[in-house]
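Work through the exercises below with the structure open. Try each task before you read its solution.

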Amino acid sequence: MIDKFLNLLFKKIKILIFFLCLIPLFRLFYLGLNSQLGANPIEFIERSTGTWALVFLMLSLSMTPLRQLTGSNAYILNRRMLGLFMFFYACLHVLTYLWIDHYFDFDEIFKDVYKHPYVLVGFAAFMLTIPLAITSTRSMMKRLGGRWKILHRAVYLIGLLAVLHFLWLVKKDHTEPLIYVGVFFLLLVLRVIYKYRSYLRTSNL
Amino acid sequence: MLITKKSDVIPSDITSKENFENRRTLIKATGASIVTASGIFTGMLNRTANAASSKQKISNFVKTKYGVDEKLTPYDDVTSYNNYYEFGTSKTDPSIESRLFEPSPWSISIEGAVKKNKQIGIEDFFRLAPLEERIYRMRCVEGWSMVIPWLGLPLSKLIQWAEPTANAKFVEFISLSDDRMMPGQRIPVLDWPYVEGLRMDEAMNPLTIMALGMYGEVLPNQNGAPLRLVVPWKYGFKGAKAIVKIRFTETMPKTSWVKAGPNEYGFYANVNPTVDHPRWTQSSERRIGGGLFTPRIKTQMFNGYTEQVGQLYTGLDLSKNF
């Protein structure tokens with residue numbers, strides 16, 4: 001009953017969620033047009049898009065635990081959209097870095113990526129999101145069958161690299177990146193607990 | 001029969017003693033700052049017509065040739081974006097969290113390898129030598145830079161006045177330690193107070209100044225009021241702010257950032273595009289104030305001051321002594 005209701009609700013408000021996910025982008029446009037991006041607008045955009053990519057990653061990783069906790073499948077309906085928004089903000093993040101920060105000076109960019117560990121892990125995380133975004137369609141899911149699930153487990157590696165990217169970037173006060181480390185860890189622990197419990201259930205049979 | 005009158009004041013309406021006293025000190029402090037500031041700088045400063053902004057103009061200073069062809073970074077950017085961990089770790093924190101900072105009265109104590117320990121009030125410090133305007137490039141270790149017109153006097157003038165002994169090989173600068181006025185110090189992100197240092201010959205170099213103002217005004221709180229160090233060929237963190245103590249030492253001072261990360265920050269911290277930092281590219285920099293579509297610029301050796309300071313480091317391996 002509740003499951004049916006949530007399903008219907010999420011289907012109805014999907015378009016609303018879609019527009020909610022675009023608010024961070026609209027905010028950047030608004031601030032940019034009103035010259036409110038601060039003294040270093042490029043850094044502001046890099047930070048903002050990076051933060052939102054991380055937030056959407058955590059949100060998409062929250063859907064499975066939410067299903068397990070509530071028993072409702074409705075959350076999974078939003079997982080793909082949230083994951084694709086993560087990819088969207090990650091693309092904006094990387095584009096800002098490549099274009100307005102470094103003006104496609106690939107000599108400099110190459111040096112930056114391989115010399116600085118935080119850039120390297122961030123870059124690796126972004127590369128890993130590309131195949132996942134490409135294979136996110138229903139037809140791709142069908143074509144890949146069982147392999148799809150294995151491929152999309154890469155999201156855990158992306159999560160690890162992404163939180164490291166943030167943690168290593170910060171100079172001194174690690175409070176903010178540690179919050180993301182904590183959330184990521186919690187989401188993993190919830191999965192392990194669930195797996196363990198279902199293992200106990202099946203072995204009892 | 002006992003007649004009690006119910007109080008018509010509800011407990012939540014009563015101002016706590018702490019709040020009441022805070023308000024008192026705040027009112028007193030604001031009043032005092034206006035009075036002392038105008039008193040201290042009599043003859044040198046004319047308070048601007050715009051009293052609300054409480055900016056104090058400095059009128060008596062000598063223009064110098066330094067950086068006259070440079071394009072100045074907008075005042076609003078210089079005063080709203082900088083690192084000053086005493087007021088928080090975000091670069092927008094200092095402008096907000098330093099509002100209640102009280103830069104006067106202020107005195108600086110001189111100690112260590114000197115003929116005799118001394119104290120100097122900020123008002124006397126102003127009179128040690130004529131104030132000069134120096135337009136300097138400022139390169140932050142994080143890869144951004146600014147051009148700032150400082151007002152100050154050569155550190156060498158202060159050192160002459162301080163009379164260090166032959167044992168003085170280094171100068172140590174110690175900033176204020178006061179977690180009431182500097183809320184960032186309540187968090188141990190660095191080993192407070194902030195400590196910086198220079199080798200004696202670096203300190204005596206004519207480029208090195210103690211700044212008291214910028215843009216023709218008294219130094220704003222967020223930029224290091226009432227006085228700070230400016231060493232333009234070194235990364236910005238060498239410029240200790242709100243200095244209360246200057247100590248002459250025989251051994252190399254243990255500076256805050258070196259203590260915090262010895263593999264990332266060195267004592268010398270000379271701007272050097274060829275020595276990379278584990279986090280930031282040092283070969284190029286973003287000049288603040290350029291807007292969204294201005295490319296980075298190449299970072300210059302010693303921030304472009306090689307002619308003046310290059311000779312200080314002959315024979316020194318700069319990749320080891322970074």
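Contact here means heavy atoms within 4.5 Å. Keep in mind that this is a predicted model.

**Exercise 1. Which side chain of chain A meets B:Arg286 in a salt bridge?**

Solution. 
1. Set the cut-off. A side-chain nitrogen of Lys or Arg must lie within 4 Å of a carboxyl oxygen of Asp or Glu.
2. Apply this rule across the interface of chain B and chain A. It finds four salt bridges.
3. Pick out B:Arg286. Its side chain meets that of A:Asp101, at 3.1 Å from N to O.

**Exercise 2. Describe the fold and surface of chain A.**

Solution. 
1. List the elements. Chain A has ten helices and zero strands.
2. Check burial. Of the 205 residues in chain A, 40% are buried.
3. Check sequence range. Take contacts in chain A between residues at least 6 apart in sequence; 65% of these join residues at least 24 apart.
4. Finish with the surface. Chain A exposes about 12400 Å², and carbon and sulfur atoms supply 71% of it.

**Exercise 3. In what order do the five strands of the open sheet in chain B lie?**

Solution. 
1. Read across the sheet. The order is E5-E4-E13-E8-E9 in chain B, with mixed pairing.
2. Find the edges. Strands E5 (118-121) and E9 of chain B each pair on one side only.
3. Inspect one pair. Strand E8 (residues 170-175) and E9 of chain B run antiparallel, joined by five bridges. In this pairing, B:Phe173 stands opposite B:Glu196.
4. Place the helix. Helix H5 (residues 155-162) of chain B lies across E4, E5, E8, E9 and E13 of chain B, at about 135° to E5(B).

**Exercise 4. Is B:Arg199 buried or exposed?**

Solution. 
1. Locate the residue. B:Arg199 lies in strand E9 (residues 195-199) of chain B.
2. Compare with the cut-off. Buried means under 20% relative accessible area. B:Arg199 has 15%, so B:Arg199 is buried.
3. Name its neighbours. B:Arg199 touches residues including B:Phe170, B:Phe267, B:Tyr268 and B:Leu312.

Methods:
Residues are numbered from 1 along each chain as its sequence is written. Chains are lettered from A and ligands numbered from 1 in the order in which they are written. This is a predicted model: local features need pLDDT of at least 70, side-chain atom pairs count only at pLDDT 80 or more; totals for chains, interfaces and linings use all residues. Side-chain values use heavy atoms; hydrogens and water are left out. Helices (H or I, at least four residues) and strands (E, at least two) are DSSP runs, numbered from the N terminus. Buried means under 20% relative accessible area, exposed over 50%, partly exposed in between (1.4 Å probe, protein chains only). Accessible areas come from the Shrake-Rupley method with a 1.4 Å probe; for residues, only the protein chains shown count as cover. Two strands pair if DSSP finds at least two bridges between them. Axes are lines fitted to C-alpha atoms, for helices over the stretch in contact, and angles run from 0 to 180 degrees between N-to-C directions. Lists of a residue's contacts leave out its neighbours within four places in sequence.
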